[in-house]
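These are my notebook entries on one model.

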Amino acid sequence: MNNEILNRAADNIRILSASMVEKAKSGHPGGAMGGADFINLLYTEFLNYDPKDPRWINRDRFFMDPGHMSPMLYSQLHMLGHYSMEDLKNFRQWGSPTPGHPEVDLDRGVENTSGPLGQGHAMAVGAAIAERFLVARFGEWMAHKTYAFISDGGIQEEISQGAGRIAGHLGLGNLIMFYDANDIQLSTEVDEVTSEDVAKKYEAWNWHVVTVEGNNVEALREALVAANADDRPSLIIGKTIMGKGAVTAEGESFERKVSTHGQPLTAAGASLDKTIENLGGDAANPFVVFEDVAAFYAKVLEEKADYASEKKAAQAEWAKAHPELAAKLEQFFSGEATAINWESIEQKQGVATRAASATVLGHLAENVENMIVSSADLSNSDKTDGFLKKTTVLKKGDFSGAFLQAGVCEFTMAVIANGIALHGGVQVAVATFFVFSDYMKPAFRLSALMGLPVKYIWTHDAFRVGEDGPTHQPIEQEAQIRLMEKLKNHHGDMSLLALRPADADETTVAWKMAMENTKTPTALIFSRQNIKSQVSYTEALGAERGAYIVKDVENPDVILVASGSEVATLADGAGKLEADGLKVRIVSAPSEGLFRTQDKAYQQAVLPTNVPTFGMTAGLPVTLEGLVGPFGKVFGLDHFGYSAPAGVLDEKFGFTGENVVKQVTEYLAEVKA
């Protein structure tokens with residue numbers, strides 16, 4: 001193509017980006033101005049998409065990592081017709097589709113929510129994995145590329161280590177990443193914080209790496225051609241210019257300034273008007289697309305539409321020749337839950353819920369063809385090996401399996417899962433110990449924000465991890481996760497469903513709920529130790545309402561409520577209380593958040609406010625305070641664990657039937673007083 005018009009279009013993006021930030025009096029213009037050449041070239045000559053069908057399943061994906069460079073992305077997508085000029089003018093304003101950091105919006109061409117640096121490009125790794133997984137099942141006809149854009153901050157975030165290692169190890173030749181290396185950060189220059197050789201680091205991970213002038217369209221084109229031809233993941237290090245084109249009121253260059261990273265050009269010390277003029281625009285009317293640029297993009301969009309039509313026609317021919325595969329592909333991308341005969345899953349009684357989960361996972365491996373499960377080097381402990389035993393691991397050149405051995409990188413693994421979910425067509429679950437959910441918080445927060453149905457498997461759910469000691473014993477984790485159940489996403493849904501089942505059959509129901517939850521992430525919290533069974537599968541279906549009565553009696557004197565293994569402990573104590581003449585109801589509450597979405601009549605029927613209610617939790621008492629009510633009592637922990645056998649800890653911490661009797665007796669005496 002004509003490099004002159006490409007440069008003109010890039011300057012147009014620079015003008016729009018700087019003007020958006022200036023009008024909003026907030027934002028990050030410098031990086032957007034420096035990265036404009038790459039994104040403009042990518043969308044015109046390399047990225048394959050359908051301008052009329054942004055959800056086309058075989059489109060190339062573009063994943064943004066530095067969300068602060070959103071003005072660049074919005075300006076680029078305006079050229080495609082996905083945003084109006086009014087949308088650009090209302091950047092960062094209430095009700096605008098152009099928030100300060102991009103939020104996933106497939107109909108407008110935004111593939112991922114970005115902002116927390118590092119996650120965007122790791123999501124791209126996930127999308128590239130999903131593409132190879134699907135190609136292995138349906139053929140190279142549906143092959144497509146995943147492009148990522150990363151900045152200095154994303155390179156420095158530790159997640160880049162995991163993403164780079166995994167992409168190189170798996171040989172993801174369908175992944176091409178541009179590193180916007182402008183040597184400037186928000187508060188300093190890059191050389192003040194690092195001296196590493198980024199190119200050598202990625203080469204060590206088996207990436208194809210090339211370094212070019214990031215604002216030279218010819219050099220960028222050559223790099224993209226080479227990257228598309230290589231069978232390794234590619235990193236294009238573009239030495240770009242922060243605030244390219246920015247000048248002062250006197251017309252002197254104001255490029256490569258730290259100040260332009262995070263504030264409007266005028267606040268940084270440049271002149272917006274002079275900068276717009278320097279870039280070929282009209283300072284009095286900056287929110288325009290140049291006529292020649294508009295004509296250029298009109299032709300580009302015609303070519304993209306023609307390409308997409310040809311690919312869709314080829315897919316239609318494939319579908320005619322392979323109707324069963326075509327139906328399967330359609331089902332994969334429908335987003336609907338796979339039909340499972342849950343009742344047919346036979347559970348051993350009295351086992352740890354992690355073992356019960358393994359039984360379910362084995363069934364899913366045989367019945368859900370588009371599911372990837374991953375573990376952070378714990379598959380034989382978190383029992384995701386129940387899935388692994390029925391499949392094989394994903395490896396370079398062979399994606400016929402369905403298990404990703406991620407290695408020790410909980411955060412990276414979870415973000416990759418988000419990318420798999422964003423790509424579409426593939427269901428995904430990731431696993432580790434519950435205490436290490438701390439490492440995953442930034443990822444499952446974005447799962448919740450984006451409404452991604454990632455399944456989080458967290459085992460070893462309490463201090464009963466035992467001898468491993470306090471570093472491995474989750475105490476405060478459940479309380480943190482339960483907060484996400486109280487937080488609604490932008491669609492008004494509970495942002496995350498957290499389920500801690502009480503026994504083996506309730507575990508099956510919890511997995512049923514997780515797989516049928518196609519709108520939000522689900523946390524499945526499982527025990528390490530064996531738990532005495534409390535209910536049958538049919539009875540456990542009550543868990544689908546968040547909380548239900550496990551054992552009932554007319555006009556109870558006291559209600560005992562818990563989740564997970566504490567339900568069995570309450571049951572043990574209940575027998576002793578009943579021997580003393582008390583009438584006891586036991587309630588299993590695997591999800592308080594879900595329970596609170598039920599109608600008031602049901603809530604009152606399960607946990608009436610006029611009956612003394614006692615809760616037991618292996619975590620912080622606050623975990624159950626909302627269920628027992630203001631006059632109830634919760635027995636829990638207010639300290640970290642200790643290293644000792646699980647049974648000893650139960651005795652020392654008071655998680656025994658005997659202590660249930662003691663605590664309930666004292667509580668009822670207080671109520672009567």
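**Entry 1: helix α12**

Which residues of α12 are buried? I first noted the conventions: the model is predicted, local features need pLDDT of at least 70, side-chain atom pairs count only at pLDDT 80 or more, and totals for chains, interfaces and linings use all residues. Residues are numbered from 1 along each chain as its sequence is written, and side-chain values use heavy atoms, with hydrogens and water left out.

I take helices (H or I, at least four residues) and strands (E, at least two) as DSSP runs, numbered from the N terminus. I call a residue buried under 20% relative accessible area, exposed over 50%, and partly exposed in between (1.4 Å probe, protein chains only).

The buried residues of α12 are Val-293, Phe-296, Tyr-297, Val-300, Leu-301, Lys-304, Ala-305, Ala-308, Gln-315 and Trp-318. An α-helix has 3.6 residues a turn, so residues three or four places apart point the same way. I found that the buried residues of α12 pack against α1 (3-24), α2 (29-46), α3 (70-79), α5 and α13; contact here means heavy atoms within 4.5 Å.

I also checked the length of α12 (residues 291-321). Its 31 residues reach 46 Å from first C-alpha to last, close to the 45 Å expected at 1.5 Å a residue. The expected span is 1.5 Å times one less than the number of residues.

**Entry 2: helix α21 and Val-567**

I repeated the length check on α21 (residues 566-579). Its 14 residues should span 20 Å at 1.5 Å a residue, and the end C-alpha atoms are 20 Å apart, so the two values agree. The buried residues of α21 are Glu-566, Val-567, Ala-568, Thr-569, Leu-570, Gly-573, Ala-574 and Leu-577. They pack against β13 (558-562), β14 (584-588), β15 (613-616) and α26 (657-672). After α21 comes Gly-581, with a positive phi near 95 degrees.

I then looked at Val-567, which lies in this helix. It counts as buried because its relative accessible area is 0%. Not counting residues up to four places away in sequence, Val-567 touches Ala-502, Gln-534, Ala-562, Ile-586 and Ser-588. Its C-alpha is separated by 8.7 Å from that of Asp-503, 64 residues apart along the chain.

Asn-206 has a phi near 70 degrees and sits in the loop between α8 (198-204) and β4 (208-213). Asn-206 counts as partly exposed because its relative accessibility is 31%. Lys-383 has a positive phi of about 65 degrees and lies in the loop between β6 (371-375) and α15 (385-388). Lys-383 is partly exposed as well, with a relative accessible area of 24%.

**Entry 3: nonpolar cores**

A nonpolar core is a set of buried Ala, Val, Leu, Ile, Met, Phe, Trp, Tyr and Cys residues joined through side-chain atoms within 4.5 Å. The largest has 123 residues, of which Ile-129, Leu-364 and Trp-511 touch the most other members. Helix α5 (residues 119-138) gives the most to this core, with twelve residues. Apart from it lies another core, of 63 residues, including Ile-5, Ala-10, Met-69 and Val-217.

I listed the contacts of Trp-511, leaving aside neighbours within four places in sequence. Among them are Trp-342, Leu-364, Met-371, Lys-455 and Phe-526.

On a 1 Å grid over the protein atoms alone, a cavity is a set of points where a 1.4 Å probe fits but cannot get out; a pocket is an open set with protein on both sides within 12 Å along at least five of seven lines; lining residues have an atom within 4 Å of a point. Grid points are joined across faces, edges and corners, and a volume is the space filled by probe spheres set on the points.

I found three cavities of 30 Å³ or more. Of its 15 lining residues, Tyr-43, Tyr-49, Arg-59, Gly-109 and Glu-111 are the closest to its centre. The second largest cavity holds about 40 Å³, and its lining includes Phe-434, Asp-461, Gln-477 and Arg-500.

The largest pocket has about 1300 Å³ of space. Of its 47 lining residues, Arg-55, Leu-106, Met-450, Gly-451 and Leu-452 are the closest to its centre.
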